[in-house]
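Reader: I'd like to go through the charged pairs in this one. Can you take me through them?

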Amino acid sequence: MVRGFLASESRALPMAVRARRRRVYIVGSICALSVACAPVAWIHANQGKAWRPTLWDGLKATGDERVRPGSSAEPESRFSSALVSQTCLFGLAAAGFLVRRFAQTRSACACQVLPVQQTEARTELEPSRGELVRVSGLAAAASLVPAPARAEQVPDGEAWVQYDLNTGEVLYDIDFDPLDKNHGFVVGARGLFYETKDGGKRWVSRSFANLGKSEDVTYRFQNVAVLGDDVWILGKPPLLLHSKDAGKSWKKVPLSKKLPGEPKVVTALGKGKAEMATSSGAVYVTENDGKNWKSLVQETVDATLNRVSSSGTSGASYFTGSVKSIKRAADGRYLAVAQRGNFYLSFSPGEPRWLPHSRISARRIQAMGFRQPADGTKEPGAWMSLNGGYLTQSDKEGYDELSADSKEFFKYAEIRSGGIGIIDIAYRTPLEAWAAGGSGVIYQTKDGGKTWQFDPSGTDLPCNLYNVKFFEGGKVGYMIGSAGVLLRRSFDNADAGAAAGASAAADPSAGTSASTKSA
């Protein structure tokens, strides 16, 4: 009966599944026969032998006390009946195990033969999970692994797509070459280092030949910058790596033990030229591949605060000697947040030192950055997130001047964060920006940051999102964070916006009105 049932089901199952089912059936049958035959063989092998006290105790446990040692009765038959009962129980247990394994195999087979059309329909009917499509791509060290076709089911511009890098480590930074939009890098904790050469659709795990395996794992790569053939990577404990051939070979750049603070941010500025800022506010620039560095500030943040602590900057006297985050604008300006979040600092090229600024409320500053659209539009101002999920922004310049009152520049934005902190924000256009934070929350604004709407793409992500960046003039965006999460999204309307900007530039009247509005 079982064979007939198996034959009727075998036509609808793949060959590999049928083979596995046969193996389960054969192994279960062998186990059942072995359990049933072993006691009978033992009985035949021990016929006529005297009873042992331990054997008599076992018979008493079964309740069969009619046979006594030394009696003329045939104990073999009594003992055989007891073992036959136990054999039946073992046989039933083996049969139950066989049926259970067969049921599990059949259930797994039913899941595997689900038609592709049904899977696609289910993705369309469940927008809460369909907004975030997983792309299973194993990061190999020698070859690129193609992304599954399921990622192509979501048209570009409709959702953030998650790419599985086959790691659970934290991702800290991502950068693409402005001269080659297909070439980029991702860095993270425990020496994590990935490279792409097809615009971020496939990622390959890389390692450094001059770093041993144990040494590679101990470093946390927290910043990467690429421009042409020059690639720079910052790590912690203090480490600076440089490549002059687009990442094919690397060398360590020696860092002085007297360096104030730890390297925090590095920016590639050209062939052999880079700029580096430390956690103590020191800013250096090199033009010979890191052999020599020139300081752009006259004193560190500690020295500045020791002189201006009496100027009325709230929280300056509680400075711990380092900053927790630093952002650099394309024109060389810097914004930094104190380690405790009790004030922020600004630095502009040509200035001798950093300028401290008071926060706008009793809430600590969590993060801060420039309102710098990726489409190349020049927009004034900055954004500032506070503890408790609050978000503020300044849409005009002057917030970084020494005599500026932060309360007059930064205004609260409308956002329902539920108390979850906003960690990073990036502007794609002057009106459109994206924010990310703890628990995978994602928000979007279309009015320049005044109001923010929740985006469900990261609802099911068990991670924190730390970094948001846009490339190719705002056509492609990335979000990275903990648990190896990398989100990517293409924006179709970027081409339309660029075309509109080009037509406005070609029309003299349109160009005049645009300039007036920008001013």
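**Salt bridges**

Author: The structure, a predicted model, holds 14 salt bridges.

Reader: Start with Glu195. Which residue does the side chain of Glu195 meet in a salt bridge?

Author: Glu195 pairs with Arg206, at 3.0 Å from N to O. Glu195 sits in strand S5 (residues 193–196) and Arg206 in the loop between strand S6 (204–205) and helix H7 (213–218), so the bridge ties together parts that are 11 residues apart in sequence.

Reader: And Glu195 itself, buried or exposed?

Author: Buried, because its relative accessibility is 4% and the cut-off for buried is under 20%. Arg206 has 30% relative accessibility and counts as partly exposed.

Reader: Next, Glu299. What does Glu299 form a salt bridge with?

Author: With Arg353; the closest N and O atoms are 2.8 Å apart. Glu299 is in the loop between strand S14 (294–295) and helix H8 (301–308), and Arg353 is in the loop between strand S17 (343–347) and strand S18 (355–358), so this pair ties together parts that are 54 residues apart in sequence.

Reader: How does Glu299 count at 15% relative accessibility?

Author: As buried. Arg353, at 26%, counts as partly exposed.

Reader: Changing topic: which residue bridges to Glu432?

Author: Arg428, with the closest N and O atoms 2.8 Å apart. Both Glu432 and Arg428 are buried.

Reader: Which residues are linked in a network of salt bridges?

Author: Asp331, Arg333 and Glu397 are linked that way.

Methods. Residues numbered from 1 in each chain as written. Predicted model: local features only at pLDDT ≥ 70, side-chain atom pairs only at ≥ 80, totals over all residues. Heavy atoms only, no water. Salt bridge = Lys/Arg side-chain N within 4 Å of Asp/Glu carboxyl O. Helix = DSSP H or I, 4+ residues; strand = E, 2+ residues; numbered from the N terminus. Buried < 20%, exposed > 50% of the residue type's maximum accessible area, 1.4 Å probe, protein only.
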